[in-house]
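The sequence and structure are shown first.

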Amino acid sequence: ISVNNSGTNVFHLAYNSTGNQFNGNIILSSTNGQGIRFGQGTALNDASLAANKTIFIGADGFSAGNLEIQNFLQSSQQPLAVSLSGTAYLYLENGTVFNGRLNFEAPQIFCSGVQFNAPVSLNKTGAGNNYSSGNNTFNDTTELINSGTGLFAFGNVNADIFNAPLTLINQGNNHLFLAYNSLGNQINDKLTIINQANSNNNNIY
């Protein structure tokens, strides 16, 4: 399936319904409007991506609106690499389970209620402060990277759990926060901190 939003509104997939199956690769582009949303209004894991299929960004890019992934099940360990640009937002939301290696980068990233069962890299590249509301479980190697000019925070209100090695990398012009404004966050394996920020006032907390 190929979806390109160049209009002024939002494009919904697997909206308020059950048993949604994506049995081929998914190609996404958004150059205007409010972006593309998966699984809004559905039940837990009610939008599934078939084994050995993946998500691509199309030739037009994804530079405007939100890419929102909710109640989504990745059925296999197929790697996913998604890069958003411009003013785009990436929302990884409740009821979503990823079983393949992930490499996601976007100007704005929000992550809440997601289970990651394979290595994951999340790289915030843009301006604007991003506060992820927690309830995420990371079961494999994790990299959280701030290479933008806005604040990047995890564990806002609700706790996150990290069950494998965690690396925090700040190479931008703002702060990177873990366990922000919440109790009960767990780091159950090795923690590596790399602060390459462009100012002495930009830190990892």
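Q: In which strand is Ile187 found?
A: In this predicted model, the strand in question covers residues 186–187. Ile187 is therefore part of strand 24.

Q: Is Ile187 buried, partly exposed or exposed?
A: The relative accessibility of Ile187 is 36%. Buried residues are under 20% and exposed ones over 50%. Ile187 therefore counts as partly exposed.

Q: How are the rings of Phe116 and Phe138 arranged?
A: The count of aromatic pairs comes to 13. One of them joins Phe116 and Phe138, with 4.7 Å centre to centre and 10° between the planes. Planes under 30 degrees apart count as stacked, so the pair of Phe116 and Phe138 is stacked.

Q: How many residues apart are Phe116 and Phe138?
A: Phe116 lies in strand 15 and Phe138 in strand 18. Both residues are buried. The pair links distant parts of the chain, 22 residues apart.

Q: Which parts does the pair of Phe177 and Tyr205 tie together?
A: The ring centres of Phe177 and Tyr205 are 4.8 Å apart and their planes are at 15°, so this pair is stacked. Phe177 is buried at 15% relative accessible area, whereas Tyr205 is partly exposed at 47%. The parts tied together are strand 23, which holds Phe177, and the segment after strand 25, which holds Tyr205.

Terms used. Residues numbered from 1 in each chain as written. Predicted model: local features only at pLDDT ≥ 70, side-chain atom pairs only at ≥ 80, totals over all residues. Heavy atoms only, no water. Phe/Tyr/Trp six-rings, centres within 6.5 Å; stacked < 30°, edge-to-face > 60°. Helix = DSSP H or I, 4+ residues; strand = E, 2+ residues; numbered from the N terminus. Buried < 20%, exposed > 50% of the residue type's maximum accessible area, 1.4 Å probe, protein only.
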